[in-house]
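Please open the model in a viewer and keep the selection tool at hand. The stops below are meant to be taken in order.

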Amino acid sequence: MILCITHSQDFYNIDIFFEYLTSQNIPYFRLNSDRLNHLQKISIHENSFELTDESGETIHSDTIKGVWHRKAWRISAPEELDEDYERIFLNEYGSLRYNLMTALEHIPWINPYENEKKVDGNKIFQLKVAQRNNLTIPKTIFSNDEEKITTFFYQYCQGKAIAKLHGVTAKTMSGENMISTTVIEEESLEHLSDIAYCPMIFQPYIDKEYELRIVYVDGDFFTGKINNSENADWRVAREGYFWEAYELPDAVKANLTSMMHEMGLYIGAIDMIKGKDGAYYFLEVNPQGEWGMLQKELGFPIAERIADNLIKRINFHE
């Protein structure tokens, strides 16, 4: 039995994953993270747990042999709950969810939960590990200090920088984090006074040939190139852009593989820029980033390879 932790609005990627498991005669259980609340019955003991979902289907932890941590959304609180009690509700169900996940840490995960949480929650850590593994990264400052940001701009950015949130502002229908990257020019600096209320990441603007979304699955690479050289972020581009299959240089693959090994990740969606200067710039890795568009538009068998990797590790574990 493979447990898939996702959310109630997830589709396409997860459907392909389940279809492939069915073709391999492997049972699965879908756990919607946002519905892990009063709508499900959950009991956790020292060495096991039991969960019954909204449909009445029950799963015992002893039957779970592997976990795909596909996506996790915020737990939904009931509308009728008193506003003063909502924080307690979310805190306690959050603790219940965390205890449930860590009860399974001894079996194969994609990705190991604690590794993924550290990587996903620390962009500066990502850049440090990438640089340690011989990848090119942009100069970066994550700050709430207007003076330090202004100094950084004049020292490194040659009149143009980008600013982005470390976290997220919204999600797409498929659960993808939407982080719109903003271009900062000299005249924008006068509007930095509110930065104390919202720290942001700043980097020099990179003149790019194109952007790359690289899906890494334990040493395999599925890379899409998008012909977006004008916008700061391909995710806000709407029309006139398309994906093409792309072959990364062997040296970049080797460095990315080394980086992912150090991070302890089996899969991840990596964003890079091919600069007009010929360099490949590492921007970030989202351990459970979006890749459905690459499977759909380029025919990459990403869902199948994720399943194969987990199945192989389950068999080895047993």
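A residue is called buried here when its relative accessible area is under 20%, exposed when that area is over 50%, and partly exposed in between. The model on display is a predicted one.

Select Ser143, which belongs to strand E8 (residues 141-143). Is Ser143 buried or exposed? Its relative accessibility is 9%, so Ser143 counts as buried. Display its side chain: one of the polar atoms there lies 2.9 Å from the backbone nitrogen of Asp145. Leaving aside residues up to four places away in sequence, Ser143 touches Lys148, Ile149, Ile195, Pro199 and Met200.

Move on to Met200, which is placed in strand E13 (residues 200-204). Met200 has a relative accessibility of 18% and therefore also counts as buried. With residues up to four places away in sequence again set aside, its contacts include Ile141, Phe142 and Ser143, together with Ala163, Lys164 and Leu165. Although Met200 and Ile141 are 59 residues apart along the chain, their C-alpha atoms are separated by 8.2 Å.

**Second stop: strand E9 and its partners**

Select strand E9 (residues 160-164), which is mostly covered, with four of its five residues buried. Which strands are joined to E9 by bridges? One is strand E12 (residues 182-185), joined to E9 by four bridges in an antiparallel arrangement; within this pair, Ile162 has Val183 of E12 as its bridge partner. Another is E13, likewise antiparallel to E9 and joined to E9 by four bridges.

Select helix H4 (residues 123-132) and colour its buried residues: Lys123, Phe125, Gln126, Leu127, Val129 and Ala130. What covers these buried residues? The cover includes helix H3 (113-120), E13, helix H6 (250-263) and strand E18 (280-286). At the start of H4, look for Asn122, a side-chain oxygen of which reaches to within 3.3 Å of the backbone nitrogen of Ile124. Just after H4, Asn134 adopts a positive phi of about 65°.

Select helix H2 (residues 83-102). At 1.5 Å a residue, its 20 residues should span 28 Å, and the end C-alpha atoms are 29 Å apart, which agrees. Now highlight Phe89, Leu90, Tyr93, Arg97, Leu100 and Met101, the buried residues of H2. They cover an arc of only 95° around the axis, which puts them on the same side of H2. An α-helix has 3.6 residues a turn, so residues three or four places apart point the same way. Turn the view to the face of H2 directed away from the buried side to find the exposed residues Asp84, Arg87 and Glu92. At the N-terminal end, the cap is Asp82, with a side-chain oxygen 2.9 Å from the backbone nitrogen of Asp84.

Next, show the open sheet of three strands in the order E3-E4-E5, with antiparallel pairing. Its edge strands are E3 (41-44) and E5 (58-60), each of which pairs on one side only. From one strand to the next, the twist averages 5°. H2 packs on this sheet, touching E3 and E4, and the direction of H2 makes about 60° with that of E3. Strand E4 (residues 49-52) pairs with E5 over three bridges, and Glu50 has His60 of E5 as its bridge partner.

Select Lys208 in strand E14 (residues 208-217). Lys208 counts as buried because its relative accessibility is 3%. A polar contact of 3.0 Å joins its side chain to that of Glu211.

Asp218 lies in the loop between E14 and strand E15 (220-226). Asp218 has a positive phi, near 45°, in a residue other than glycine. At 27% relative accessibility, Asp218 counts as partly exposed.

Then go to Asn25, in the loop between helix H1 (13-23) and strand E2 (28-32). Asn25 is not a glycine, yet has a positive phi of about 60°. With a relative accessible area of 71%, Asn25 is exposed.

Finish at the peptide bond from Ile110 to Asn111, which is cis, with omega near -5°. Asn111 is in the loop between strand E7 (109-110) and H3.

Note on methods: Residues are numbered from 1 along each chain as its sequence is written. This is a predicted model: local features need pLDDT of at least 70, side-chain atom pairs count only at pLDDT 80 or more; totals for chains, interfaces and linings use all residues. Side-chain values use heavy atoms; hydrogens and water are left out. Helices (H or I, at least four residues) and strands (E, at least two) are DSSP runs, numbered from the N terminus. The expected span of a helix is 1.5 Å times one less than its number of residues. Buried means under 20% relative accessible area, exposed over 50%, partly exposed in between (1.4 Å probe, protein chains only). The arc is that of the directions from the helix axis to the C-beta atoms. A polar contact is a pair of N or O atoms within 3.5 Å; within protein, one must be able to donate a hydrogen and the other to accept it, and residues adjacent in sequence count only if both atoms are side-chain atoms. Two strands pair if DSSP finds at least two bridges between them. Axes are lines fitted to C-alpha atoms, for helices over the stretch in contact, and angles run from 0 to 180 degrees between N-to-C directions. Contact means heavy atoms within 4.5 Å.
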